[in-house]
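User: I'm new to this one and would like to go through it slowly. Could you take me through it, starting with the charged side chains?

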Amino acid sequence: QVQLVESGGGLVQPGGSLRLSCAVQGRTSSNLSMGWFRQRPGKEREFVAAFNMSGIRFVYADSSVKGRFTIHRDVAKNTGNLQMNNLEPEDTAVYYCAVVTRGNPIASTLRNLEAYDSWGQGTQVTVTS
């Protein structure tokens with residue numbers, strides 16, 4: 001059974017950077033599609049970024065994160081990471097990683113929460129001056 005452990009969250013000032021990491025336990029991350037989602041205060045969980053099983057197709061949320069956030073896989077460390085630059089107060093949220101352990105969905109479907117079957121516990125990111 002796959003377990004996901006997020007780390008790297010914390011408190012940062014606007015304009016700062018954080019790198020979130022999702023450690024995959026129980027499976028090789030190179031065989032998994034992975035996504036990052038976030039849940040802002042009072043909001044529903046929303047898609048941030050994902051890569052497909054092959055690791056060559058990347059999907060990002062709208063322009064609010066594209067260009068500032070980068071998702072990538074670290075095969076050697078068996079992790080999926082989310083590099084977040086130029087953070088804004090609106091990025092304050094609990095960030096979750098998730099993987100698809102069954103099947104190889106097309107990249108466009110990775111925007112949907114329902115595509116994923118394993119979730120991490122979340123890591124808090126707070127952007128404030």
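**Charged pairs, strands and core**

User: Is R68 buried or exposed?
Analyst: R68 counts as buried, because its relative accessibility is 9% and the cut-off for buried is under 20%. Please keep in mind throughout that this is a predicted model.

User: Which residue does the side chain of R68 meet in a salt bridge?
Analyst: The partner is E88, and the N to O distance in this salt bridge is 4.0 Å. R68 sits in the loop between β6 (58-60) and β7 (69-74), while E88 sits in the loop between β8 (79-84) and β9 (93-100), so the pair ties together parts that are 20 residues apart in sequence.

User: What about D117, which residue does its side chain meet?
Analyst: D117 forms a salt bridge with R102, at 3.8 Å from N to O. Both residues lie in the loop between β9 and β10 (118-119), 15 residues apart, and the pair links distant parts of the chain. D117 counts as partly exposed at 28% relative accessibility, whereas R102 counts as exposed at 64%.

User: Let's zoom out. How many helices and strands does the protein have?
Analyst: The protein has zero helices and 11 strands, so its pattern along the sequence is simply β-β-β-β-β-β-β-β-β-β-β. The radius of gyration is 13 Å, close to the 14 Å that the globule rule gives for 129 residues, so the protein is as compact as a globular protein of that length. Along the principal axes, the C-alpha atoms fill a box of roughly 40 × 25 × 25 Å.

User: What share of the residues is buried?
Analyst: Buried residues make up 47% of the 129 residues. Among contacts with a separation of 6 or more, 58% are between residues 24 or more positions apart.

User: Which residues touch the most other members of the largest nonpolar core?
Analyst: That core has 36 residues, and those touching the most other members are W36, F69, L82, M84, Y95 and Y116. At least two core residues are supplied by each of β3 (18-25), β4 (33-39), β5 (46-51), β6, β7, β8, β9 and β11 (123-127). The largest share comes from β9, with six residues.

User: Back to the strands then. How many residues of β5 are buried?
Analyst: Five of the six residues of β5 are buried, so this strand is largely enclosed by the rest of the structure. β5 pairs with β4 in the antiparallel sense over five bridges, and F37 stands opposite F47 in β5. The two strands form a hairpin with six residues between them, and in its turn G42 has a positive phi of about 75 degrees.

User: How does β5 run relative to β6, parallel or antiparallel?
Analyst: They run antiparallel and are joined by three bridges, with A49 having Y60 in β6 as its bridge partner. The hairpin of β5 and β6 also has six residues between the strands, and there G55 takes a positive phi near 75 degrees.

User: Last topic: which strands pair with β8?
Analyst: β3 is joined to β8 by six bridges, running antiparallel, and in that pairing L18 has M84 in β8 as its bridge partner. β7 also pairs with β8 in the antiparallel sense over six bridges, with H72 standing opposite N81 in β8. β7 and β8 form a hairpin with four residues between them, where N78 in the turn has a positive phi of about 60 degrees. Five of the six residues of β8 are buried, so this strand is largely enclosed by the rest of the structure.

Conventions: Residues numbered from 1 in each chain as written. Predicted model: local features only at pLDDT ≥ 70, side-chain atom pairs only at ≥ 80, totals over all residues. Heavy atoms only, no water. Buried < 20%, exposed > 50% of the residue type's maximum accessible area, 1.4 Å probe, protein only. Core = buried A, V, L, I, M, F, W, Y, C linked by side-chain atoms within 4.5 Å. Pairing = 2+ DSSP bridges. Rg over C-alpha atoms; globule rule 2.2 N^0.38 Å. Contact = heavy atoms within 4.5 Å.
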